[in-house]
Amino acid sequence: MLISIGQVITLFPFLVLIVSIFLIMLSIIVYRNCTFVFFFIIFSFIISLLSLLVIYMVIPIYVMALMYMNFYSILYILMILFSGLCISILSFLYLQHIVSYKEEFYLLILFSILGGMLLVVSNHLISFFIGIELMSLPVIGLVQYSFSQKKSLIIALKYVILSSIFSLFILFSIVLIYFICGNLNFSNIKISLLINNYENNNILLFGLGILLISLFFKLSVFPFHFLVPEIYENISSLILIYFTTIIKVSIFGILIKLFFYFPYSHTQILYKIVKYVAVFSIFFGSMCSVFQKDIKKLIGYSSIAHMGYILITLLFINNYNMANEAALIYLINYLISNIGIFSILIIVRNIYNVKISNFNFYKGLFWNKPILAIAMTIFIFSSLGIPITLGFIAKFYIIFLTIYQFDWLIISIILINSGLSIYYYLKVILNLYVYNHVHLNSSIIKYNEYKILEVIIFLFSMLIIFLGIYPKILINIIHVSNTLL
């Protein structure tokens, strides 16, 4: 089969990452140098990001039968690459505390990003399965880059077992789908749903339901949240950025694409599953967050609620273009806010050389590091949905959609979540500004190393406010994706 120039251009960011992986492997064999690998991987990310501008000129385009690239795909790849770039920058100073296998960290991140990118451009269940496995397998190695080696090993083993089980579920669902459709292309699933008889449709819906359950496990939504407390408590903040950005953006990217192929009239049961998973995720995540005294576990449980909000957009994706806007804006806000919050936790942890994540440790942070405290406040306000932040625009979209559809169950659960989230988020914010007569002693040398990161994080917080005041800029960009689907 001949491949056109346009298809080669479309594959360019994938080729850049594959070449980077190969060259980093060679550098590890010949001579280990973490600094060289760091600058090389930053260069690779920049080249991959710039290549998206060239891809924009040739989309929409199919790459054989396995992939479909449109502007929607570019936005998700952009978020994945941006997350990878941020993780790589933060990891350079973090890895100084690791004795060995520093270069392998970058390899694992590259493999996972490659899988995430393949996942969001998939148009076939084979590329979908390869992408999700390529993205998930590096988790086993990445969790070992934590300071609590014994606990992280236990978490890795649990994740391997559970991930293997749900991978088998995905394979079983693919078999059922192929049995009914005779083809694993996404468009064939839609055609089969429309033309098949009732009995065949039930088998197909069963297979799609199993597929959804497996994706819900990857998103860590209710009732598949059982690893959340252990992961957020024992894994380093750097790896948590990976969990909350690359994995969740990639999984939601394929979810939203799949639902474009699910006609509501023939798949109502799937929409109901998503609705109740979203509702219980919001409620459960909010209730558990109220009782947390550990800031990382609070973010973990609140992330369950945030995933519930994003799942709500799937219910309206085939009826309103606004649902696609809401999903993308909410994801962008979630991504920037999580990178910002966890980056602050990394900086504070390394400056003061402590492993504490209890609220009390951050008491009076404003009086020691005012820029970090202000940035943290903005990120939390945006997660809360306070006006003049991007989070307010994201939540407004979702609330507008639910009111327009008169879905009173979702409206009620959003109101409950809003009340509870004000309580548990304000606990964190008030702690930052309480005057603490005990001033924490930080290393001047270490603090100087993190000054540039502090400025970057503060600029991220300003970006959240800027997009909250001028959301039309982001909305106009997303409108382009609706015209190029």
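## Reading aromatic pairs and a surface patch

Mentor: In this predicted model, the count of aromatic pairs comes to 23.

Trainee: By what is a pair of aromatic rings described?

Mentor: Two values describe such a pair: how far apart the centres are, and the angle of the planes. Take Phe 284 and Tyr 301, whose centres are 6.3 Å apart, with 65 degrees between the planes. The angle is over 60 degrees, so the pair counts as edge-to-face.

Trainee: Which parts does the pair of Phe 284 and Tyr 301 tie together?

Mentor: Phe 284 belongs to helix α13 (residues 268–290) and Tyr 301 to helix α14 (residues 295–314), so the pair joins parts that lie 17 residues apart in sequence.

Trainee: Is Tyr 301 buried or exposed?

Mentor: Buried means under 20% relative accessible area. Tyr 301 has 10% relative accessibility, so Tyr 301 counts as buried. Phe 284, at 22%, counts as partly exposed.

Trainee: Which residues do ring pairs link into a cluster?

Mentor: The cluster consists of Phe 166, Phe 169, Phe 217 and Phe 224.

Trainee: Where does the charged end of Lys 275 sit?

Mentor: That charged end is placed over the ring of Tyr 276, at 5.9 Å from the ring centre.

Trainee: Which residues make the nonpolar surface patch of about 760 Å²?

Mentor: Val 19, Phe 22, Leu 23, Leu 26, Ile 29, Val 30 and Tyr 31 make this patch. For patches, a residue needs over 30% relative accessible area. Val 19, found in helix α2 (residues 12–30), has 46% relative accessibility and therefore counts as partly exposed.

Methods: Residues are numbered from 1 along each chain as its sequence is written. This is a predicted model: local features need pLDDT of at least 70, side-chain atom pairs count only at pLDDT 80 or more; totals for chains, interfaces and linings use all residues. Side-chain values use heavy atoms; hydrogens and water are left out. Patches are made of residues with over 30% relative accessible area and no salt bridge: like charges are joined within 9 Å, nonpolar side chains (Val, Leu, Ile, Met, Phe, Trp, Tyr) within 5 Å. Accessible areas come from the Shrake-Rupley method with a 1.4 Å probe; for residues, only the protein chains shown count as cover. A salt bridge is a side-chain nitrogen of Lys or Arg within 4 Å of a carboxyl oxygen of Asp or Glu. Helices (H or I, at least four residues) and strands (E, at least two) are DSSP runs, numbered from the N terminus. Buried means under 20% relative accessible area, exposed over 50%, partly exposed in between (1.4 Å probe, protein chains only). Rings of Phe, Tyr and Trp (its six-membered ring) pair if their centres lie within 6.5 Å; planes under 30 degrees apart count as stacked, over 60 as edge-to-face and the rest as tilted. A charge sits over a ring if NZ of Lys or CZ of Arg is within 6 Å of the ring centre and within 35 degrees of the ring normal.
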